[in-house]
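Me: Hi, I have a protein structure to go through before class. Could you look at it with me?

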Amino acid sequence: MSMTPDWDAIRADFPILDQEVHGKPLIYFDNAASSQKPRAVIEALDRYYERDNANVHRGLHALSTRATDAYESARVKVAKYLGAASAEEIVFTKGTTEGINLVAQTWGAKNVREGDVILLTEMEHHSNLVPWQMLAERTGARLRFVPVEPDGTLALERLGEWLTPEVKLFAFTHISNSLGTINPAAELCAAARAVGAVTLVDAAQSAGHLPVNVQEMGCDFLAFSGHKMCAPTGSGALYGRAELLDAMPPWHGGGEMIVTVSYERSTYKKAPGKFEAGTPNIAGAIGLGAAIDYIEGIGRGAIFAHDLALTEHALAGLVSLPGVQVQGPRGRRGGLVGFVMDAAHPHDLTTFADQHGLALRGGHHCNMPLMKKLRLPGTTRASFYFYNTMAEVDRMIEILTTAGRFFA
Ligand SMILES: Cc1ncc(COP(=O)(O)O)c(C=O)c1O
């Protein structure tokens, strides 16, 4: 594809966008919750189910071989997409949440002890908070949080106050799903390494939006969800540095993850097989591979530039609306904007927007502690992807202007 993608042609790849909701053209601005799927991904799933469907790894027949080849080639695509050293560093999961729980329950159980510190930030999604709370409860470890400053960024100049040698693991989000803040992942990983801490990056909001390279970032683990980047629900992956994955105990027990089994005990495969017990989401992984091909066809640099342009345009419109406060950084940020309208609760505003065909999200966005800190009941969030247009952003501002009058 050329340097400037043909955004109109790309949008036409998403059949779902061509519809009316409540008699108005659909504007889908709930991409941070889940993205839409291009025809290329839908067709890859159809092709798999129409021609190749069979269980992977254990069959000696043609369909099983084809399914296995497609599943394993999707793993290679994910590895390349993330800049991993090898496909063995990629564990298929059903999404970010599962990837983080896997690390908390296996790496965490083996390495975290009473008195150790698990460092998080105040802007973590519940997915990157609750698994660590559960681990802390089990082990007696302590949780610590890097504060969020009033401008929505992390207190980086004081990072050393929290990132001390007792920190065993530093887990943080790459892009905040409610503030849009882009955290300097490579800088944070380097600082963690300097005190001997392992790092986990929650890339749920970044993997489909900007170039992510785990080796350049220097992280130990990175988790993402397929459904937020054009792939089917229930797909995703965890990257883990080979040395760490190899030293971790298995997670779920069952078929597929073993080498030998007796009535008394079993031996396990090497990573990633030991973390993929049971029949995996074969179609999901193949769909994720197709989504990666599709995204790479556009280019993540171009996607990120498009995100930035839409977000800047939305910010300019939102700050001009009376009684509206935007949350998060005013400068460079990911492709989403959370805001509060004085006159309307986020749920009421979101319901109003829906009546105009505009899909927003209102609430705490799985950031309850952050909302409490900000003293907000929640926010209304518009989140963009590459198939969204400037005209849709303009239309959103018109709808919000009408809402401001309606609720006043
Ligand atoms: C920053 C962040 N982390 C984790 C998640 C959880 O993703 P999933 O529900 O796909 O596991 C989300 C989903 O919204 C998110 O935005």
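Me: How many helices and strands are there in the protein?

Reply: The protein has 14 helices and 17 strands, where helices (H or I, at least four residues) and strands (E, at least two) are DSSP runs numbered from the N terminus. Please keep in mind that this is a predicted model, in which local features need pLDDT of at least 70 and side-chain atom pairs count only at pLDDT 80 or more, while totals for chains, interfaces and linings use all residues. Residues are numbered from 1 along each chain as its sequence is written, and side-chain values use heavy atoms, with hydrogens and water left out.

Me: Which domains is the protein divided into?

Reply: There is domain 1 (7–30 + 299–407) and there is domain 2 (42–297), with bounds that come from an automatic or database domain assignment. Their contact takes 32 residues from domain 1 and 34 residues from domain 2, where contact means heavy atoms within 4.5 Å. The C-alpha centres of the two domains lie 28 Å apart.

Me: Changing topic, what share of the residues count as buried?

Reply: Of the 408 residues, 57% count as buried, which is to say under 20% relative accessible area, as against over 50% for exposed and in between for partly exposed (1.4 Å probe, protein chains only).

Me: Where is Cys230, and is it buried or exposed?

Reply: Cys230 sits in the loop between β9 (221–225) and β10 (236–240), and it is buried, with a relative accessible area of 0%. Its phi is near 75 degrees, which is a positive value in a residue other than glycine.

Me: What about Glu256, what is its phi?

Reply: Glu256 has a positive phi of about 80 degrees, although it is not a glycine. Glu256 lies in the loop between α9 (242–247) and β11 (258–261) and counts as buried at 11% relative accessibility.

Me: Last one: is the peptide bond from Ala271 to Pro272 cis or trans?

Reply: That bond is cis, with omega near 5 degrees, and Pro272 is found in the loop between β12 (266–268) and α10 (282–298).
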